[in-house]
Amino acid sequence: MISADLVVAGCRELVTCAGALPKRGPEMRRIGAVENGWVASSGGTIVFAGTEEEFQAGVAPAPGAVTIDARGFVALPGFVDAHTHLPFAGDRAREFGLRIQGWTYQQLAERGMGIQTTVKATRAASLDDILALTLKRLDRMLLTGTTTAEAKSGYGLNLEDELKQLEALRQADILHPVDVVPTFMGAHDIAPEYRDRRGEYVRLLVETLIPEVGRRGLAEFFDVFCEPSAFSLEETRTLAAAAKAAGFKIKVHADEFVSLGGAELAAEAGAVSAEHLIAVSEEGISRLAAGDTAAILLPGVSFFLMMDKRAPARRLVDAGAAVALASDFNPGSSHICSMPFVLQLGVFTLGLTVEEAICACTANAAFAIRRHGAVGSLEPGKKMDLLLCDVPGHVSLAYEAGRNPVRTVIKNGKVVVEDGRRVAAR
Ligand code: NIG
Ligand code: FE
């Protein structure tokens, strides 16, 4: 018999998302739904997920084991938010007001606002300020079911302030139940003092920032905003090569607004992911489908920037790309950190099926940050990161639009949200 110290018993529907990763094409719809599903873990690791019968035949709760009655709930893997710009200071509510009056995101950026507004605020903030803001945001994310979050720096744009953001992420990962996966994004924009000397900023990144952040081991990924307003294809290639040499895995903000060939470049550079892809080309879609570079779509951006254009999610899924969804949580283009809302946007605005959207927010999202060995599905060997949602079935995760269905969050085998409220881990 398998011994367990935590049992989640009698879920109305258990959605495991188990199986080989990434899931592509029709596989994305096979989410492994089990009626009257049971899940058991030991020491924070899942030891069983299946039917009641299989549980009774194979699992023995250890003395003192905790049992959670999940009757009436749908159980899901904890959400993996594969793309956020979490550690920023300040907000851009004033600029949002201008956008409502008709200014575009790009027009604000051209006038020195946008990302640069947040760079000013983030540089002015202390490490403790940024840490406190990050922890508060992680609390919010946990309440909507995020148990693992990728998080990018990129509002410092010099060594000291990029390190400050990454150090806040390191501490937040230790202090908070949500697992934080750090990405160095010194190539988010040209630093303001290098505006007229962009080549020098690229050189600073290649010669100083990338090697120094690499040496300190403060980030696992390197990300670059490949867009005419930020870094060109050629600069992106140079930066990605330097980052690879310094030991980073590569991510690329690709084809967000302009079809530049960022997706093709990401595939060619062996990037872990190409992200955004609102303007991805047919060639870019084929390249992603043919390789292991995940396509992370961020439907919050088209929504938040009130754009008619959206990422071609259907074509990407049907072509066989490893499609994930994420929030892009940031103060300018997607001030959204709720994964249930992102899942709903995936269905309502990108044309994904509910099953595809669930897979894209869990298992494929874990693949897109290379954490699929540990999280993203409910199967033996993975972390016990599990959500209980009070919906009658998984379709209602989207059907009950605008709602947060997450009532219970278990992270690493500990209950951290109960009845929709944060509780001390137990
Ligand atoms: O993913 N594209 C670049 N970066 C963010 C926006 C950051 C900001 O506006 O502060 C994005 O959309
Ligand atoms: Fe982004």
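This is a predicted model: local features need pLDDT of at least 70, side-chain atom pairs count only at pLDDT 80 or more; totals for chains, interfaces and linings use all residues.
User: Why is H85 called buried?

Analyst: Buried means under 20% relative accessible area. H85 has 2%, so H85 is buried.

User: What makes D328 count as buried?

Analyst: The relative accessibility of D328 is 1%. The cut-off is under 20%, so D328 counts as buried.

User: Which residues coordinate the iron ion (ligand 2), and what makes them donors?

Analyst: They are H83 (NE2), H85 (NE2), H253 (NE2) and D328 (OD). Donors are N, O and S atoms within 2.8 Å of the metal. These atoms stand at 2.1 to 2.3 Å, so they count as donors.

User: How are the donor residues of the iron ion (ligand 2) spaced in sequence?

Analyst: The pattern is H-x1-H-x167-H-x74-D. H85 and D328 link distant parts of the chain, 243 residues apart. H85 sits in the loop between strand 6 (79-81) and helix 2 (93-100). D328 sits in the loop between strand 13 (323-325) and helix 13 (339-348).

User: How do you know that the buried residues of helix 4 lie on the same side?

Analyst: The buried residues of helix 4 (residues 115-124) are I115, Q116, T118, V119 and T122. They cover an arc of only 155 degrees around the axis, which puts them on the same side of helix 4. An α-helix has 3.6 residues a turn, so residues three or four places apart point the same way.

User: What do the buried residues of helix 4 pack against, and what does the face turned away carry?

Analyst: They pack against helix 3 (105-110), helix 5 (127-143), helix 6 (159-175) and strand 9 (221-226). The face turned away from the buried side carries the exposed residues K120 and A124.

User: Why is strand 10 called largely enclosed?

Analyst: Strand 10 covers residues 249-254. 5 of its 6 residues are buried, so strand 10 is largely enclosed by the rest of the structure.

User: How do you know that strand 10 pairs with strand 9 and with strand 11?

Analyst: Two strands pair if there are at least two bridges between them. 6 bridges join strand 9 to strand 10, so these two pair. 4 bridges join strand 10 to strand 11 (residues 273-276), so these two pair as well. Strands 9 and 10 run parallel, and so do strands 10 and 11. K251 in strand 10 is the bridge partner of D223. V252 stands opposite A274 in strand 11.

User: What makes the crossover from strand 10 to strand 11 right-handed?

Analyst: The chain crosses from strand 10 through helix 9 (residues 262-268) to strand 11. A crossover is right-handed if, with the strands pointing away from the viewer, the path over the helix runs clockwise. This β-α-β crossover is right-handed. Strand 9, helix 8 (residues 233-245) and strand 10 also make a right-handed β-α-β unit.

User: Why is E379 called buried?

Analyst: E379 has 19% relative accessibility, and buried means under 20%, so E379 counts as buried. E379 lies in the loop between helix 15 (363-368) and strand 14 (386-389). Leaving aside neighbours within four places in sequence, E379 is in contact with A18, G19 and I46.

User: What makes V59 buried, and where is V59?

Analyst: V59 has a relative accessible area of 3%, under 20%, so V59 is buried. Its place is in strand 4 (residues 59-69). Beyond neighbours within four places in sequence, V59 is in contact with residues including M1, I2 and F48. The C-alpha atoms of V59 and H253 are separated by 45 Å.

Terms used:
Residues are numbered from 1 along each chain as its sequence is written. Chains are lettered from A and ligands numbered from 1 in the order in which they are written. Side-chain values use heavy atoms; hydrogens and water are left out. Buried means under 20% relative accessible area, exposed over 50%, partly exposed in between (1.4 Å probe, protein chains only). The arc is that of the directions from the helix axis to the C-beta atoms. Contact means heavy atoms within 4.5 Å. Donors are N, O and S atoms within 2.8 Å of the metal (3.2 Å for Na, K and Ca); water is not among the atoms, so sites may look incomplete.
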